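Open the model in a viewer and keep the selection panel at hand. The stops below follow one interface.

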Amino acid sequence: MASSAQKLCVLRIFLNSRRSFCTCDRFYAKAKTKKQSARTLPGDWEGRVGLEIHAQISSNSKLFSGSQVQFSAPPNSLVSPLDASLPGTLPVLNRRCVEAGVLTALALNCHINRRSLFDRKHYFYADLPAGYQITQQRLPLAVNGHLTFDVYDESRSQRQVLKSCQVRIKQLQLEQDSGKSLHDQENGEVLVDLNRAGVALMEIVTEPDMVDGAEAAAMVKELQLILQSLRTCDGNMSEGSMRVDANISVSRSGEELGTRAEVKNINSAKFVQKAIEYEMQRQIQVLEGAGEVEEETRYFDWKAGKTISLRDKEQRHDYRYMPEPNLPPLILYTDTTSPRGMEDAVVNIDRIREQMRELPDATRRRLVEEYGIQFQHSVALVGEGLVEYFESLVDVKGKGRDPRSATSWVLTDLLEELHKRSLTFLECPITASKLGEIMDLVAVGTISKSTGKKILGLQFDGDNRHLSQIIEENQWAQIRDEETLGRICEDILEKHPELVDAYRKGNKKVVNRLMGKVQKATNKCADPAVTSRLLKQKLEGH
Amino acid sequence: MNHLRRLFRITQVDRPVLLAITRRLSSKVPSEPTWKEVHESKLPKPTKIDQDTIAHLERLALVDFANKEGIRRLEAAIRFADQMFLVDTTGVEPMDSVLEDRELYLRDDKVTEGNCKDDILRNAGKVVEDYFVAPPGNIPLPKKEEYDS
């Protein structure tokens, strides 16, 4: 029976060591950078960040009404009488939204409440026509989960894992979205569009376990990947399908948590980091100047990179939570409790668990194990959404292309061509099979790698000719014939006696310059391996 | 109203007369008043409302009641409601709604309504390019001193 003092000691030690989680069971190398987990805050200041993430569930219809969910539709065209809160309407819960909530909760290792309740949260705003939002405050859908993620060292060109973190998920609940209001400053009015009013949101609230912007940004990115792989949310922060609000506070190490400020209007994972870093610096400055941090809501101005206070909120909202009288409790079943004959009408947690797709973490490990590629490449493939493309490139029935060269083609060459033309991966015109054809020709030796890249560029620009046609018309076939190459090498060596002399005197690096000249003469079609061997032979032999 | 039908078949009397008779026979209204005065000592202490709460309530309800009569009425109403504390509720779970024994019906994820923009906008006072028009933001109420003067 430990005394209370002992229990406190154990608790403090546990909390302090939880952050320096040693993931010995992971098989990838950790970074050995010199600036090891650099303290981003001066002095002995420590920061704490908790996030509230609102993720719009991808469903056909809204949470409580039958109107369509669609981004960017004509104003007020997807509004039903319930969404406009006209009298005589009642909410009816959408099964798909509950299933999506349960699926996400399972992926985040939460405890699912078999019985959850809906409440009304009252506040006045033009885009909330009912004057209240239906949410789950007393008994949310799921509680007590955790999310493990890695923070990468972005400073080096090759990503290495800086540290592995785990954040506790306080709760996950279903709630309604409000409409959209456009502020017309000139005419002093607000234009309200209710297309978004009533759309289902999952609110994911985390405990304040993160210490800086980098951790928070990494957590948001990982959550985006998880939601996208589960297909419950498209995680598109710029379109507003996923919104992040950060609660930020600073305190001196060892002391209690400081007053927190909430930051809204963060539009991407990158801005999460910037907003948190700015806000922490601002709070430190205020506290060091012997001021006090106010508990308020601030807006993040991404153009200026600053957080701005909204002065017109004098009091905190009194939300007057009350149970939603029109909605009985939501009951979730398992295989043992499922009522017979009604399997289609109820939500069965075990059924949903079976249908869960592979999560990003599992995908990363599987790619490394199955294909033998490097872990950082696996991270990049999963992070950019290229896994399906990569797998179809490698797994072609019967062909089985080399995975490592496939990663190089996809991550370096394909992305480079997309970037040059400012296209996203979704707009990529080259299918995996087309890229595979080029890869095969390069692997066999018909063309050199640089020619392959040229052809890829041409195909991007709309060239639809057959590959062999392109090669013939441009005479890009790789020259591997020793005789022809031999003659060309002799030619080059005769033209540049000074380089030959330099080689004789001991400067071996002139071989590269000679190679360059050979490639130029053959329009980059000389086989590099054969050429280099012949050149060295001739230089030694001469 | 099964008993009404049976009676109707038995006696040859009109329906309104039948209703009047049955009401007197099985009325839900007690024959004697059952109102009991509650002694002051049994109730908890009377609640005093402070200025902050009054300002808060005025802002939420948009009702002007910060005068002596208004506050007295509010306190009397609270006193009346204090009688609820006399009921013993140990071991009883608070009720949410009369539907709490039922289960929430889940509907299929199909699009069944919407696309009725004209109907939705019909009651709007002012419409600009198919948007509802509302006054700007949350206008803070002027302080009491400002609008009294």
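**Strand pairing across the interface**

Select β10 of chain A (189-193) together with β3 of chain B (residues 131-134): the two strands run antiparallel and are joined by 3 bridges. Strands are DSSP runs (E, at least two residues) and helices likewise (H or I, at least four), numbered from the N terminus; two strands pair if DSSP finds at least two bridges between them. Within this pair, V190(A) stands opposite A134(B).

This is a predicted model, in which local features need pLDDT of at least 70, side-chain atom pairs count only at pLDDT 80 or more, and totals for chains, interfaces and linings use all residues. Residues are numbered from 1 along each chain as its sequence is written, chains are lettered from A and ligands numbered from 1 in the order written, and side-chain values use heavy atoms, without hydrogens and water.

Next, select every residue in contact between the chains (heavy atoms within 4.5 Å): 54 from chain A and 38 from chain B. The buried area (accessible area lost on being put together, 1.4 Å probe, summed over both parts) is about 3,900 Å², with 56% from carbon and sulfur atoms.

Now show the side chains of R95(A) and D108(B), which form a salt bridge at 3.0 Å, N to O. The rule (Lys or Arg side-chain nitrogen within 4 Å of an Asp or Glu carboxyl oxygen) finds 2 salt bridges across this interface.

Finally, colour chain A by element: β2 (93-94), α2 (95-107), β10 and β17 (330-331) each supply at least two residues of the side touching chain B. The largest share, 5 residues, comes from β10(A).

Note on methods: Buried area is the accessible area (1.4 Å probe) that two parts lose on being put together, summed over both.
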